[in-house]
Amino acid sequence: MKMSRPILLIMLGVVSWGVVHGVGSYYGGIDRSGDNFLQHDLRRFFIVFGCVVGFLAFWGLMLLSRKRRLEREANDAE
């Protein structure tokens with residue numbers, strides 16, 4: 001599947017966004033006294049990043065199915 005440059009850039013931006021939020025979820029929050037109130041847990045990072053990857057996979061499948069449908073409709077019109 002050949003992807004256009006804007007779609008690829010958007011997907012890379014979403015991956016970057018997922019990494020930033022994943023890192024934030026790994027470090028947890030900070031309370032008003034400055035102490036961490038969540039322990040560092042790599043599983044939170046993988047959950048957030050897994051959701052981002054799942055979203056991108058679903059989006060990619062929808063783009064692929066749209067491309068196939070448009071090609072099929074173009075062939076039927078001929």
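Visitor: What do the buried residues of α2 pack against?

Guide: The buried residues of α2 pack against α1, and those buried in α2 are F45, V52, L56 and G60. This is a predicted model, in which local features need pLDDT of at least 70 and side-chain atom pairs count only at pLDDT 80 or more, while totals for chains, interfaces and linings use all residues. Residues are numbered from 1 along each chain as its sequence is written, and side-chain values use heavy atoms, with hydrogens and water left out.

Visitor: What makes Y26 and Y27 an edge-to-face pair?

Guide: Rings of Phe, Tyr and Trp (its six-membered ring) pair if their centres lie within 6.5 Å, and planes under 30 degrees apart count as stacked, over 60 as edge-to-face and the rest as tilted. By this rule the count comes to 4 aromatic pairs. Among them, Y26 and Y27 have centres 4.9 Å apart and planes at 75°, hence edge-to-face. The pair F45 and F49, by contrast, is stacked, at 5.8 Å centre to centre with 5° between the planes. F45 and F49 are 4 residues apart in helix α2 (residues 42–77), so about one helical turn separates them; F45, F46 and F49 form one aromatic cluster.

Visitor: Which residues is S25 in contact with, beyond its neighbours within four places in sequence?

Guide: Contact means heavy atoms within 4.5 Å, and S25, which lies in helix α1 (residues 5–27), is in contact with R44, F45 and V48 once those neighbours are left aside.

Visitor: Why is the pairing of R43 with D41 called a salt bridge?

Guide: A salt bridge is a side-chain nitrogen of Lys or Arg within 4 Å of a carboxyl oxygen of Asp or Glu. The closest N and O atoms of R43 and D41 are 2.9 Å apart, so the pair qualifies; R69 and E73 also meet in a salt bridge, at 3.5 Å.

Methods: Helices (H or I, at least four residues) and strands (E, at least two) are DSSP runs, numbered from the N terminus. Buried means under 20% relative accessible area, exposed over 50%, partly exposed in between (1.4 Å probe, protein chains only).
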